[in-house]
Amino acid sequence: MGEREELRTGVGALLQQVVSAQDLSPVLERDALRRATRLTQLLRDDDGDLQSRYLLGWLHWYRYQALPDGQDQQDLAAAVGMLTPCFVADTAGLPEPLLPVLAHQATPTAEALLEYALGSGDQSVLDSAAGLWQRILAAAPADHPNRVAILANLASALQARFLRTATPADLDTAIDALRQAVETLPADHPYRGGMLSNLGNGLRLRFWRTGAPADLDTAIDTLRQAANLTPGDHPYRAGILANLGNALQARYGHTGALGDLDTAVDALRQATDAASADEPHRAERLASLGFALQARFERTGVESDLETAVEVSRQAVDVAPADHPDRTTYLSILGNALRARYEHTGVRADLDAAIDALRQATDAAPADEPNRATYLSILGNALRARYEHTEARADLDATIDTFRQATDAAPVDHPNRASMLFNLGATLRTRFEHTGAQADRDTALWAQASAAGLESAAPSTRVQAARAAAYLAAESQPGLAAGLVEDAVRLLPEVALRQLERADQEHAIGSSAGLAADAAALALADTTTPAPERAPRALRLLEAARAVLLSQALDTRSDLSELRDRHPELAARFSELRDLLDRPDDTSSSMGMLSDGIGAEAPERRTRDRHHVAEEFAAVMAEIREQDGFASFALPLTDEQLMAQATAGPVVAFNISSYRSDALLLTADGVTSLPLPALTFEAVTGRIDAFHQALYTTTDPDARAVDRVGAQAEIREILGWLWDNAAEPILSALGHHEPPPEGRPWPRLWWAPGGLLGMLPIHAAGHHTGPGRRSVMDRVVSSYTPTIGALRHARQRAGAGPRPRDHRALIVAMPTTPGLPGQGRLEQVPREAALVHAHLPRPLLLAEPGTPGDVAASAQEVPTKAVVLAHLPGRTIAHFACHGFTHPTDPSKSLLLLHDHRDDPLNVASLASVVLDHAQLAYLSACSTALTAEVTLLDEAIHLTSAFQLAGFPHVIGTLWQINDALAVTVADAFYTALRTSDGTLDTARSAHALHHAVRAARDAFPATPSLWAAYLHAGA
């Protein structure tokens, strides 16, 4: 017997002794180690002696189990090294007595191999571990008692290899294995929560690679189940919360749902707090928390989030050993947080530290590290910040080079590559603007267009990139530019997803401010399109890109009577889901939240996750459209429906952009465009600023009389400029050259001002003083509409209204308002309420307590929000005489000030879920009810007037600024007088004409003070 065979026999006998006696002490004896050392010396790398390796592997594995922590790692490495070829190579090389039944005998060793692989990050060991677990699974029967553990370990090995190589097949197989494991476990199994967590994390990683939102939504659902199944004191709970926090943070990055980010921060805080100082995953959780906090700072501007982000990110770097495989990630997160703090505070030391940390991360990352592209992109952002500080050409060149490396390192279809391409394009454009190098311009255009076309990327990133590419292409490639922004417009519904809370939708759509104007302007300038097709295309783009949120809501407010008659269950489900999605944020903000900020569901109608509701809503709409006769249900207008809205009078849509300015004229003959060259972006914004400053002066109690007179002159001058350069050319093009002859009907015209011109009273444009009076109100009756779709909706509502003799009215009077200085006294409101009460049919009066005179005696209830909303469904006409407030930054918080405005405001958001079947006319005798002050949301027309239209009123009287208390009585009295027909009933269809004549009379009385009367407008049918 040779020496090698003798040593094998001895080691085999030793192992048999260990197994039989269940005693590990023999492997620690000096003779056991001597034999192992000598047998190892006799082995050659290529001798194929799997028997010796197998025995040595088990000997070292048992020594690893027997030795105390800190003294066992050498034996673990030896066990892995010896056993790997035994279980990865062909088992035919092993003699029958040593051939293991893999599913039973190899599992402990494979676990050691996997543990070693995960700790080292060694590619070859990862390959061995993954191969071994695949063979173990293949050898295990379907009913094997350890099958769940085998599946889980296979998934862990494949997932680890995916993180090293980004091979999609590995992750797909890992997810399949985890799904099988979850399906195998009983519902009450103690490991089920942990297995669900692993599955959720795998799905999150696949979203990171592919950008498929369904994976991310399923990941979050799965992780929430895991959290709900796992008690608070369970050792796995912290890891589950960390996985959930990371998934929610990822969904925030894709959709912009702030609630997801808040919940992510809460989950990651809990996960971090639960981790002890020596917890192996503590660094990872600290870094994840820092990343989420920085994201929240960038959204909300809360400085404490940024400071904490820097602090915990630095802790993550300090906690991680120098050779930790994820330390590069922690350095990158720290560098990004420091860069953000530099940009917030201007402290140069933070920027220098950021660049240093980020260079360490990129230098340490292997060339094939999947995250290397991200590290380079973050470094590029920091270098860009340094260039903006130094304006040094070297910094600009270094930034471009870094962004170029990032895009080269990222897989061509990776979702995050879009932002890298965008950054590269933006920086190349900067260099082009400094040097004029055409190559930089061409590459910038390629980068931005490529980012816009990356379908896996976040829609908001694609829109931003498309606009940047169009800017570069506009002059030399007009067809490309127009196509790019048209594609961006088509993405807007994906930017403002229905499952988002209203505030998140507004934030998302606000990031695309001005897109509608750019799209229409570039469509008109596209010489590659036949001239007759340009204006219709531009109008369609305006229709798609303006008032996106309003249109989204109006599309679901279609008449449901036919659907209820033919498919009552579908109609009921549709209405229920629509109303859940339309609930204002203050009653739906808990949707999807979990106990302690993370786990259990609250009452069903208030907390059902908006993502689930939106998915079900989409499925119900699809089912409705499959029914006979409902194929176009809740879809945007067709071209034919669009054109049909000009039958009652022209619709004029303004388009003011940095490219060009035009009016689009929709008439019975089609769509044409009228260039308005004087209405440059700069000219219009300058007039708007001057106009609103003058308005402020007219009501400023500290202003001198001469200043107020001058302010009125300024307002008149701007109204004249608006006439000369916009209104008069349009009216002339439409054939309205003079007032209609005496006794002839006044012609109608609908303005869709959009964007900037929504802040000026186009209906009041003109020269109102002196000889030869020329103005819009002397030629046509004006109405407003946010979009042509909104006009069609209003007309449908008006046509379905009750007969005039069935009208019932609601009057809300607030002569004083609790909580305002001096009680916000409106001295003329009692008089207005009394006059309106005399005009309106079967009126119900709600008045603030203490209202003087007969009005108080007839008031039935205090006008709180709840009372008003309770009475509105039974009323066709509603008149509000109260204060109005336009929120400067959040238009959904603009409100009518009722008795309880401080605690429960009647604001734009609270009207979103109101659906009124009998409404016909809302008269908002309050200040600024048709004004949006937030410039990024001007296209959205988010104000009280549009909110009442959405609620169901086809006619709404609103105001563009603060109105005079006394004149309000005169205008309202004249308005309702003009509504009355010969038989004494009120015809709400006359609303536009009635307001026109009431305001025109006020103009004739006070022609030199347009601030008194020009604020009033009619919106709707």
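Modeller: Happy to! Tyr54, Trp58 and Tyr62 together make up one aromatic cluster. Rings of Phe, Tyr and Trp (its six-membered ring) pair if their centres lie within 6.5 Å; planes under 30 degrees apart count as stacked, over 60 as edge-to-face and the rest as tilted. Please keep in mind that this is a predicted model, where local features need pLDDT of at least 70, side-chain atom pairs count only at pLDDT 80 or more, and totals for chains, interfaces and linings use all residues. Residues are numbered from 1 along each chain as its sequence is written, and side-chain values use heavy atoms, with hydrogens and water left out.

Searching the whole structure turns up 13 aromatic pairs. One of them is stacked: phenylalanine 654 and tryptophan 751, at 5.8 Å centre to centre with 15 degrees between the planes. This pair links distant parts of the chain, 97 residues apart, with phenylalanine 654 in strand β1 (residues 651–656) and tryptophan 751 in strand β4 (residues 748–752). Strands (E, at least two residues) and helices (H or I, at least four) are DSSP runs, numbered from the N terminus. Phenylalanine 654 is buried, with a relative accessible area of 0%, and tryptophan 751 is buried with a value of 0% too; buried means under 20% relative accessible area, exposed over 50%, partly exposed in between (1.4 Å probe, protein chains only).

Tyrosine 923 and phenylalanine 975 are edge-to-face, because their ring centres are 5.2 Å apart and their planes lie at 65 degrees. Here tyrosine 923 belongs to strand β14 (residues 921–925) and phenylalanine 975 to helix α42 (residues 965–979), 52 residues apart.
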